[in-house]
Structures are given as C-alpha cells and as structure tokens.
Amino acid sequence: MDRITSIYHDADVLIFHTGHWWTHDKTSRGEDYYQEGNHVYPRLKALDAYTRALSTWARWVDKNIDTQKTLVLFRGYSITHFRGGQWNSGGQCHKETEPIFNTSHLTKYPSKMRSVENVVRMMKTPVIYLNVSTLTDYRKDGHPSIYRRMYTKSLSPEQQMAIEQSQDCSPWCLPGVPDTWNELLYASLLKVGRGSWET
C-alpha cells in the first residue's frame, strides 16, 4: 500500500475492488513486473501475484482500520463478455441484445474471486463481500461495445470497421449493471445500520 493510504484511516466506509487488470495480457506476461517489498519476481503467475496483493491489502486493513468507526466492503470481479477473442484480439459483444437465460452458458466462477474469498475469510477485520461475479455474468448485453464512441453514418467504412474491431466488453452501460451494484451496496449498508429506508 502506498504512503497516501493514511488518509483512509478514519473513513466511515471503505469500498475496495480489483480484478480486471490482473491478467498476463496487461502485465507484461508476468515477467519482471510484480514487486513485493524490494524483490521483483522474474516470473510470477497473475493469480499468484493477485493473491499476494490481496494478502498485502488484508494485512493493511487489519493493522490500520478501526472497525468501530469504519465499515469495510470489497466488491468482486465483474465478468467480461468477449466473443471470438479478447479485448486485444478482435473480441466482440456488439450483437448481444439479451441477458443469458440458460445457466449452462455462464462462465466458470473466476479463480480470482475464490482467492478474494479465501483472503477475506482469514482476516480479523469483518469485510462485507459484494459478490457480483455471477450476477454480471448473466448480462452479456450490458456492455457499450461499439457504442462507446460516436458511431454514426458519417464515419467512413474504414472508421466503422476500426470501431467494430476495438470493442470494449468490460465496461458497462449506464444506466445498467453498476446500478445493481449500488443497490446491493445500499442494502448492505442498511443491513448493518449505516443507512435509512427513508428517501
């Protein structure tokens, strides 16, 4: 944890999350990328590095957070929906118009979230875990895909093709799936007496 984390010591509510950037496509394939203390690992698997980072986070929370004052939450990993490749290899999601209705089409539960569950279970600080992985997996239709940029008839065929080939099927449309996360967060706050049913 970096030196500015001290500003969070007296927060009323802390919400953490991480997941999408812990892939070898985004981390130099794990070579000379991950550092723990002063040691840089010549090679480390993304899941191992993720678990180590979560353990560092958990130690920081356990050492620095006063649970009489601060409520700690961790929001899980939201699923991506690339067809035909990943974000950097032609993956697409722009023709998805309905959620997944058949549970056999859901992806395997992310190992990163199993890691989160294991780390949180070992902490002395109570952490509310907002598990959104399966919930988001159903919503293959909720990504901006080609619509994250201006997509009009005034674009040339080459520009239209470039947009279709660089889709982002990780972020979510608003209003949409993130609103559900906010409702889960609010319900969690109400459950522990940190909110009001009145609007």
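**Salt bridges, pair by pair**

Lys69 and Asp12 form a salt bridge, with 2.7 Å between the closest N and O atoms. The two residues are 57 apart and link distant parts of the chain. Lys69 lies in the loop between helix H1 (46–64) and E4, while Asp12 lies in the segment before E1. The model is predicted. Lys69 is partly exposed, at 36% relative accessibility.

The structure holds five salt bridges. Another joins the side chains of Glu36 and Arg52, at 2.7 Å from N to O. Glu36 belongs to strand E2 (residues 35–36) and Arg52 to helix H1, so this pair ties together parts 16 residues apart in sequence. Glu36 has 31% relative accessibility and counts as partly exposed. Arg52, with a relative accessible area of 35%, is partly exposed.

Next comes the pair of Glu96 and Arg83. Their side chains meet in a salt bridge at 2.6 Å, N to O. Glu96 lies in the loop between E4 and H2, and Arg83 lies in the loop between E4 and H2; the pair therefore ties together parts 13 residues apart in sequence. How does burial compare here? Glu96 counts as buried because its relative accessibility is 18%, and the cut-off for buried is under 20%. Arg83 counts as partly exposed, at 35%.

Ser78 is buried, with a relative accessible area of 3%. The side chain of Ser78 makes a polar contact with the side chain of Trp172, at 3.4 Å. Leaving aside residues up to four places away in sequence, Ser78 touches His20, Val132, Thr136, Trp172 and Trp181.

Back to the segment before strand E1 (13–16). Ile7 lies there. Ile7 is exposed, with a relative accessible area of 55%. Ile4, Ile7 and Tyr8 form a nonpolar patch on the surface. Together they have about 290 Å² of accessible area.

One backbone detail remains. Most peptide bonds are trans. Leu174 and Pro175 are joined by a cis peptide bond, with omega about -5 degrees. Pro175 lies in the loop between helix H4 (157–165) and helix H5 (177–191).

Methods: Residues numbered from 1 in each chain as written. Predicted model: local features only at pLDDT ≥ 70, side-chain atom pairs only at ≥ 80, totals over all residues. Heavy atoms only, no water. Buried < 20%, exposed > 50% of the residue type's maximum accessible area, 1.4 Å probe, protein only. Polar contact = N/O pair within 3.5 Å; in protein donor to acceptor, adjacent residues only side chain to side chain. Contact = heavy atoms within 4.5 Å. Patch = residues over 30% accessible without salt bridge, like charges linked within 9 Å, V, L, I, M, F, W, Y side chains within 5 Å. Areas by Shrake-Rupley, 256 points an atom, 1.4 Å probe, with all protein chains shown as cover. Salt bridge = Lys/Arg side-chain N within 4 Å of Asp/Glu carboxyl O. Helix = DSSP H or I, 4+ residues; strand = E, 2+ residues; numbered from the N terminus.
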